[in-house]
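Please look over the structure shown here before reading the notes that follow, which are grouped by topic.

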Amino acid sequence: MRYIILFTIFLSNFLVFAQEETASDSQFPLGTFLRLSANSEIGYAALKNSGLNTVIQYGNSNTFEWLKDFNVIAENTADPQDLINHYAMGYYTKWEAEESQQDEKRTGLLHSSGKSTQWNNKSCWSTIGTRGKILKLVYGPHYRQDKKYRQHYYSNTFVNYTARFRLALDYNQNKTQSNESVCVIKVVYKYTELFKSKPGTWKVREKVLSAKTLKINEFPENGNFENFELNYSYGNMLESKPSTSNYLDKNENNGIQFQIDWLDPEGELYLDHIEVFDSKIWKKFLNDPETESKRLKEYARRYFKYSNLKYWYACDEPNTIDSFTPLRMIDSLITSIGGPPVITEFYPPWDVNVNGDVFMKKYYEMVKPQQLMIDIYPISPNTNPSLQVRLESLRKVFALAHNQKPGFWYVAQAFGWQQANGNWCIWKKPTEAEFKALVMLALSHGAKGIMTWAFPTRDYTKDTRCGGKYTEIGLVDKNFRPTKLYNVIRTNISPRLNGNLGITLLDLRYTGEFININNLGNTPSTSSNQDYLTIDRSGRKYHWHAGFFEKKDQPDIKYFMLTNLYVKSNVAAQLEISNKTEFKNLSFKDVEGKLADAQETVGFNSSKKIYVNVPAGEGYLFQLAPAVKYGGNLIYDEDINENITLEGNLIIKNNATLKINSDYYVKGKIATENGKIEYGKNGVIHYLNKGNSINSADIEDTIK
């Protein structure tokens, strides 16, 4: 979508703003793409007051000091010496021949004949068992490539690729002619042409971009493997097509395929792998990996002294498989010398699949990033599809992200593109309710980091989108004055994620279970019941999402996060909470303690209806836990028959009796309000914190 150009910041005269402490690793990550340029004293003041704790920004000796009270994700795109982003923005993939893809609708090498074998201590694919000439002995992987570089210094330059086939031939030199043809290696491009002038009309086309017939005398006589290369570029081919057509290569069975046609000479052919790389970046690395690795490590080491450097940002929104291996290799090189890992934001396509693969899954499996961070922006001026449909698509993307990496980060949309006439183009800046809905929906899927795009407002004057000129409205305006979304973060999101909500969420595991119901008629619903929770379907317009959580070391505490995705108004949720445990008193409450009406106790083998008013786009985290273990109100008689610990404060009410028949360890306090405590033969209360007491004088002698 974009490529960020960050400017070197000279802010040494603004260090008066820096605090003594550095940002905490234990905080819930809440941040933004900062993009501040020189002379940003007022911009930094706005950042400092925002409540954010993490920034993606150019990193040098000035900025790391200037941002010492923030976690910094350094993106040094503008630094000509930045080999991290340089190599991460190149293209390289190795396709192993023996890894045969069984599904022709997915990416991977396929084989029409031959078999997997070992040759010269290499796992490879061979012609063993074939008869006659074989068209497409090996073909695939069918995947889209970038046509132009996205690397800053080569932007808008067509990519020249090299496909390197590593082949060996086992043949009898006495029986074969040296100039006999062995095989044809090819690079073939398959794409779908859509005709603008005739909507709904399309045609799948194939074009051979490069081909070469290999002779026997080109192979080593000893049967060793040899590299055979084909060079190709095809961006210009597509740009030269008439403007009346569009060209797609994201469909299954579309894109680049490397092909070997076997011409059936005497002997057997072996394919180890096929590598593909670009001519300007990864060709240099592959030609001398030792030197380039050393240079990259030397660059990275310059920054190890900055304790607030948490990640290197590189290769914004990779959208081709050829970007995945460079990201993994660069990350491996830096972390091998104790440096911070590489991170990027991954843009998952709305339709999920690219070339038949779940693209996010492919990315995660190949890159294996320490932290998965996704960006996807559903708020648009277009009303078709509706916002509710877009939110449903977003929900599915969040589910995929959780499946790949529990605790993923989400870059929430906090911007819009506005034309001079005031109209929104492509993206509309979210309302406060819409923005909160994006954040809360991500949190309800277990997200453990929220970033925002973007902090400042800036003009685009040369972009062909939106008529070539528009303003990207960020969290602050051009004069760094707060916008409404800035204030939502400062007064709502930040205090909560830096407080009890964020602390609790960091310690929870999203189970993957959820309730998602609505009465809007255009998005699907699930069952309104899940485990202990039922959400009533009656009432005016609503769209509820509830994600379920648990705590690893405390399995008897249950959590769910309820979000009002109907962003046009407040809605009252009618919840029915069931006690399916062996405890007589289950304490139900919102974790942040904001909803007095939601503090209830549910008795054994019963349920209770609770009404919660949820503002538009808002979300609340609720807890259901045994009162005698974690605190709350005890309103039904309950016995302590085994050694347990009370973590919180317990109030005995409603003429209820707590009978102690065993050792009861209390970290908090116990109070009686129209209730009482009785003791069995072995009943003892052990207060673990000095100063805590019971307000019933007749049991003081039982306390040890």
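In this predicted model, Gly416 has Ile473, a residue of strand S27, as its bridge partner.

- Strand S27, which covers residues 470-473, is joined to S24 by three bridges, and the two strands run antiparallel.
- The open sheet has three strands in the order S24-S27-S26, and their pairing is antiparallel.
- Strand S24 (416-418) and strand S26 (458-460) are the edge strands, each of them pairing on one side only.
- From one strand to the next, the twist averages 30°.
- In general, the strands of a sheet pair through backbone hydrogen bonds, and this pairing can be either parallel or antiparallel.

**Helix H1**
- Helix H1 spans residues 41-48, and Gly43, Tyr44, Ala46 and Leu47 are buried in it.
- When H1 is seen down its axis, the buried residues fall within an arc of 155°, and therefore they line one face of the helix.
- These buried residues of H1 pack against strand S2 (54-57), helix H2 (61-66) and helix H11 (484-497).

**The nonpolar cores**
- The largest nonpolar core has 139 residues, of which Leu167, Tyr232, Phe258, Ile260, Tyr410 and Phe455 touch the most other members.
- Helix H10 (residues 432-443) gives the largest share of this core, namely nine residues.
- Leaving aside residues up to four places away in sequence, Ile260 touches several residues, including Ile134, Phe165, Leu167, Val184 and Leu271.
- Another core, of 27 residues, lies apart from the largest one, and among its members are Tyr566, Ile577, Val602 and Phe622.

How values were computed
Residues numbered from 1 in each chain as written. Predicted model: local features only at pLDDT ≥ 70, side-chain atom pairs only at ≥ 80, totals over all residues. Heavy atoms only, no water. Buried < 20%, exposed > 50% of the residue type's maximum accessible area, 1.4 Å probe, protein only. Helix = DSSP H or I, 4+ residues; strand = E, 2+ residues; numbered from the N terminus. Arc of directions from axis to C-beta. Contact = heavy atoms within 4.5 Å. Pairing = 2+ DSSP bridges. Axes fitted to C-alpha atoms, helices over the stretch in contact; angles between N-to-C directions. Core = buried A, V, L, I, M, F, W, Y, C linked by side-chain atoms within 4.5 Å.
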